[in-house]
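My notebook is open, and I am going to look this chain up piece by piece. Come along and check each entry against the picture.

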Amino acid sequence: MLDYTFEAEVIYWRGPAPFLFARIPAEVSEEIFRIADQVSYGWGCIPVRAQIAGHDFTTALFPKDGRYLLPLKLAVRNKLPPIEIGDSMDVRMQVEAREPGL
């Protein structure tokens with residue numbers, strides 16, 4: 001399992017819900033792209049466990065414009081201090097190995 005700590009900007013993208021995402025820094029994204037074929041379960045999605053402001057959640061990163069995005073689902077946002085587009089947040093994230101056979 002790979003462990004990262006970084007600051008990420010909150011962005012809006014009218015792609016798949018939830019529309020608010022933490023944009024993974026370029027250097028972290030590059031490292032993840034290098035191992036993506038070993039950890040992705042399809043469509044380029046990367047399973048992760050993340051912690052923001054003391055709250056843990058699981059989700060999947062997905063690639064967009066040469067970086068990965070961390071979805072900030074409404075259920076997660078409701079547990080955090082208010083989040084606005086353009087905010088920066090401290091994130092700790094672990095890339096989880098995909099299950100064998102997937």
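Which residue in E6 does Val-48 stand opposite? I looked it up, and Val-48 stands opposite Val-95.

**Entry 1: ground rules.** I am working with a predicted model, in which local features need pLDDT of at least 70 and side-chain atom pairs count only at pLDDT 80 or more, while totals for chains, interfaces and linings use all residues. Residues are numbered from 1 along each chain as its sequence is written, and side-chain values use heavy atoms, with hydrogens and water left out.

**Entry 2: the barrel.** I traced the strands and found a closed barrel of 6 strands, in the order E1-E2-E5-E4-E3-E6, with antiparallel pairing. From one strand to the next, the twist averages 45°. My labels are DSSP runs numbered from the N terminus: helices are H or I with at least four residues, and strands are E with at least two. Two strands pair if DSSP finds at least two bridges between them. I reminded myself that strands of a sheet pair through backbone hydrogen bonds, either parallel or antiparallel.

I then looked at what E6 pairs with. Strand E1 (residues 2-12) and strand E6 (residues 88-95) run antiparallel and are joined by 8 bridges. Tyr-4 has Met-93 in E6 as its bridge partner, and Thr-5 stands opposite Arg-92 in E6. E3 also pairs with E6 in the antiparallel sense, over 4 bridges.

**Entry 3: the helix.** Which strands does helix H1 lie across? I found H1 (residues 26-39) across E1, E3 (46-52), E4 (55-64), E5 (67-71) and E6, and H1 runs at about 90° to E5. Axes here are lines fitted to C-alpha atoms, for helices over the stretch in contact, and angles run from 0 to 180 degrees between N-to-C directions. Contact means heavy atoms within 4.5 Å.

**Entry 4: aromatic rings.** How many aromatic pairs does a search of the whole structure find? I noted 5. Rings of Phe, Tyr and Trp (its six-membered ring) pair if their centres lie within 6.5 Å; planes under 30 degrees apart count as stacked, over 60 as edge-to-face and the rest as tilted. One of the pairs is Tyr-12 with Phe-19: the ring centres are 6.3 Å apart and the planes are at 40°, so I wrote down "tilted".

Next I checked accessibility, where buried means under 20% relative accessible area, exposed over 50% and partly exposed in between (1.4 Å probe, protein chains only). Tyr-12 is partly exposed at 46%, and Phe-19 is partly exposed at 25%.

Trp-13 and Phe-62 form a tilted pair too, with 5.7 Å centre to centre and 40° between the planes. This pair links distant parts of the chain, 49 residues apart: Trp-13 is in the loop between E1 and strand E2 (20-23), and Phe-62 is in strand E4. Trp-13 is partly exposed at 27%, whereas Phe-62 is buried at 15%. Ring pairs also bring Phe-21 into a cluster with Trp-13 and Phe-62.

**Entry 5: two buried residues.** Ser-40 is in the loop between H1 and E3, and its relative accessible area of 13% makes it buried. A polar atom of the Ser-40 side chain lies 3.0 Å from the backbone oxygen of Cys-45.

I also looked up Thr-59 in strand E4, which is buried at 14%. Leaving aside its neighbours within four places in sequence, Thr-59 is in contact with Ile-46, Pro-47, Val-48, Leu-70, Pro-71 and Lys-73.

**Entry 6: salt bridges.** Side chains of opposite charge can pair when their charged atoms come close. A salt bridge is a side-chain nitrogen of Lys or Arg within 4 Å of a carboxyl oxygen of Asp or Glu, and by this rule I count 3.

- Arg-92 and Asp-3 meet at 2.4 Å, N to O. They sit 89 residues apart, Arg-92 in strand E6 and Asp-3 in strand E1. Arg-92 is partly exposed at 41%, and Asp-3 is partly exposed at 40%.
- Glu-96 and Arg-49 have their closest N and O atoms 3.5 Å apart. Glu-96 is in the segment after E6 and Arg-49 in strand E3, 47 residues apart.
- Lys-64 and Asp-65 meet at 3.4 Å, N to O. Lys-64 is partly exposed at 25%, while Asp-65 is exposed at 63%.

Notes. Polar contact = N/O pair within 3.5 Å; in protein donor to acceptor, adjacent residues only side chain to side chain.
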